[in-house]
Amino acid sequence: MTAKPYGPISGSAILKGIAGHNAIVMAANVRIATVAEGIFRAAKDTDSVVFMELARSESDLKGGYTGMTPADFSARMRKAAQEVQFGTWALHADHITIKKGDAAEIEGTKQLIDAQVDAGYTSFAIDASHIFNFEGKNVREELAENIRVTAELARHIRSRMKGEEFGLEVEVGEIGRKDKEGLILTKPAEAVEFIQALNENGVFPDVLAIANGSTHGHTYDANGNVVAQLSIDIPQTRAIARALRDNHLDVGIAQHGITGTPRDLINLHFPKGDIIKGNVGTFWQDVVFDILKVYEPALYRNIQEWTLEKYRPLNPGKKDNQIFDGNCKMAIREFFKDIYAVDEETNRAIRARAYAESLVFFRAFGAYKTASLIRKSTG
Ligand SMILES: [Zn+2]
């Protein structure tokens with residue numbers, strides 16, 4: 001990709017540049033591209049570096065559930081960045097998920113990566129955390145397949161990037177996985193073993209996603225009402241960061257599933273510097289739907305009806321509010337044309353709301369002034 005003004009820069013330059021500065025880079029999953037301009041404008045006004053990202057489920061060669069292919073997503077993010085004239089950001093492939101690790105799945109994954117590279121992505125998250133050998137006799141055996149698949153795909157990215165620097169995120173411990181006792185958390189020894197093994201294979205990630213008590217999407221009470229997420233285990237996160245440092249492993253932590261965590265808690269209590277990347281996804285979808293509710297009530301009602309009709313039969317016993325909440329993301333593709341065809345008044349409200357919310361996130365993340373920090377370090 002030729003570098004156009006305000007195009008994305010290497011994710012590695014950002015993550016390496018921010019390490020040690022008590023700041024977290026916000027990574028926004030922009031499922032509906034309209035919010036991007038508001039996020040970029042807030043980033044510019046507060047001098048905050050930012051990642052724009054979509055996971056494989058959200059954006060793949062067929063468009064994923066957002067209806068955007070990697071090329072579509074890249075084009076929309078670049079357009080928004082140019083509109084705002086802000087160029088200190090990375091275009092990131094969140095959750096390139098591999099569930100089995102067989103040859104066919106690896107091959108399909110390489111095709112997705114190729115499309116992301118061709119679309120000018122500057123950062124990649126390989127997630128083979130689902131492949132876990134519960135019969136393994138030690139940590140290395142439990143993680144062997146995750147290590148093998150992650151290393152193979154990382155090498156593929158490197159060969160496709162042809163010497164260009166890129167960000168690399170890897171994952172150990174499936175986020176949100178539960179057993180009888182509740183969420184299963186990553187142990188410090190697992191994180192250390194995983195990164196050591198990757199380093200031995202010539203793969204040096206910038207950032208490691210761990211399971212530390214968050215879940216993707218909203219958190220619910222017993223009645224299916226959305227409640228604040230207070231489950232992120234901060235001592236465990238610090239312990240993992242410390243273990244990595246003690247073993248001289250140069251890698252930060254990526255916090256996934258931040259939606260629902262009160263921002264005053266993030267502001268005062270998150271271990272910034274241990275956590276260097278924070279993913280915020282569902283929140284931005286809520287921003288759009290909240291605006292549509294008031295500005296486009298007919299469209300919003302159609303989205304509600306479509307979602308409930310489709311997902312009620314699949315969720316017996318669940319209340320409508322939780323069924324809608326958990327599945328309305330699937331309506332983004334179905335109503336793609338309508339969502340992007342709303343009038344300027346609606347779009348203005350979406351952008352303004354995204355702007356205001358981004359200010360608060362950047363502040364809570366300690367990200368103000370990080371953009372010029374990165375620009376200085378990258379020359
Ligand atoms: Zn995630």
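This briefing covers the zinc site and the salt bridges of the structure above. The model is predicted, so that local features need pLDDT of at least 70 and side-chain atom pairs count only at pLDDT 80 or more, while totals for chains, interfaces and linings use all residues. Residues are numbered from 1 along each chain as its sequence is written, and side-chain values use heavy atoms, with hydrogens and water left out.

**Zinc site**

- The zinc ion is coordinated by His-95 (NE2), His-216 (NE2) and His-256 (ND1) at 2.0 to 2.1 Å, where donors are N, O and S atoms within 2.8 Å of the metal (3.2 Å for Na, K and Ca), and sites may look incomplete because water is not among the atoms.
- Along the chain, the donors of the zinc ion follow the spacing H-x120-H-x39-H.
- His-95 lies in strand β3 (residues 89-97) and His-216 in the loop between β8 (207-210) and β9 (219-220), so the pair ties together parts that are 121 residues apart in sequence; helices (H or I, at least four residues) and strands (E, at least two) are DSSP runs, numbered from the N terminus.
- His-95 counts as buried at 10% relative accessibility, whereas His-216, at 42%, counts as partly exposed (buried is under 20% relative accessible area, exposed over 50%, partly exposed in between, with a 1.4 Å probe and protein chains only).

**Salt bridges**

- The count comes to 24 salt bridges, each being a side-chain nitrogen of Lys or Arg within 4 Å of a carboxyl oxygen of Asp or Glu.
- Arg-160 in helix α5 (residues 139-161) and Asp-114 in helix α4 (residues 103-118) are 46 residues apart, and the closest N and O atoms of their salt bridge are 3.2 Å apart.
- Lys-137, which is exposed at 72% relative accessibility, forms a salt bridge with Glu-141 at 3.9 Å between the closest N and O atoms.
- Arg-263, Asp-290, Lys-293, Arg-353 and Glu-357 are linked in a network of salt bridges.
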